[in-house]
Amino acid sequence: MSVIVSDEILTATHMTEAEMCQEIAVMLFQQEKLTLAQASRFAQMHRVAFQHLLASRHIPVHYGVEDFEQDIQNLREMGRL
């Protein structure tokens with residue numbers, strides 16, 4: 001699905017298309033509707049850069065037990081644990 005944001009809206013908000021995507025991604029991440037990976041992809045940013053954007057706005061990264069267990073599994077599969 002594609003979402004089209006008109007030039008009128010971008011002009012009214014004084015934002016570029018990339019900035020609009022970042023704002024939407026931050027909002028959906030903050031509402032826990034997107035994961036960190038999903039939000040960073042939506043924002044078209046590297047995950048670390050997106051984390052820095054969140055940190056600059058004092059928005060905590062949601063990182064629960066499930067995320068930790070997945071990271072451990074990923075590290076095992078990569079042979080790093």
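Where is S40 found? S40 sits in helix α3. The model shown here is predicted: local features need pLDDT of at least 70, side-chain atom pairs count only at pLDDT 80 or more, and totals for chains, interfaces and linings use all residues. Residues are numbered from 1 along each chain as its sequence is written, and side-chain values use heavy atoms, with hydrogens and water left out.

**View 1. S40 in helix α3.** Helices are DSSP runs (H or I, at least four residues), numbered from the N terminus. S40 is buried, at a relative accessible area of 4%. Buried means under 20% relative accessible area, exposed over 50%, and partly exposed in between (1.4 Å probe, protein chains only). Neighbours within four places in sequence aside, S40 contacts M45, H46, R47 and F50. Contact means heavy atoms within 4.5 Å.

**View 2. The largest nonpolar core.** This core has 11 residues: A25, V26, F29, L34, L36, A39, A43, F50, L53, L54 and I59. Helices α2 (17-30), α3 (36-42) and α4 (47-56) each supply at least two residues of it. A nonpolar core is a set of buried Ala, Val, Leu, Ile, Met, Phe, Trp, Tyr and Cys residues joined through side-chain atoms within 4.5 Å. I59 touches V26, F29, Q30 and L54, not counting residues up to four places away in sequence. In soluble globular proteins, nonpolar side chains tend to be buried together.

**View 3. The salt bridge between R57 and E23.** The structure holds 1 salt bridge. The side chains of R57 and E23 meet at 2.5 Å, N to O. R57 lies in the loop between α4 and α5 and E23 in helix α2, so the pair ties together parts 34 residues apart in sequence. A salt bridge is a side-chain nitrogen of Lys or Arg within 4 Å of a carboxyl oxygen of Asp or Glu. R57 is partly exposed, at 33% relative accessibility. E23 is partly exposed too, with a relative accessible area of 31%.

**View 4. Helix α5 and G79.** Helix α5 (residues 65-77) has 13 residues. From first C-alpha to last, α5 reaches 18 Å, close to the 18 Å expected at 1.5 Å a residue. The expected span is 1.5 Å times one less than the number of residues. Just after α5, G79 takes a positive phi of about 75 degrees.

**View 5. M1 before α1.** M1 lies in the segment before α1 (7-13). M1 counts as exposed, at 97% relative accessibility.
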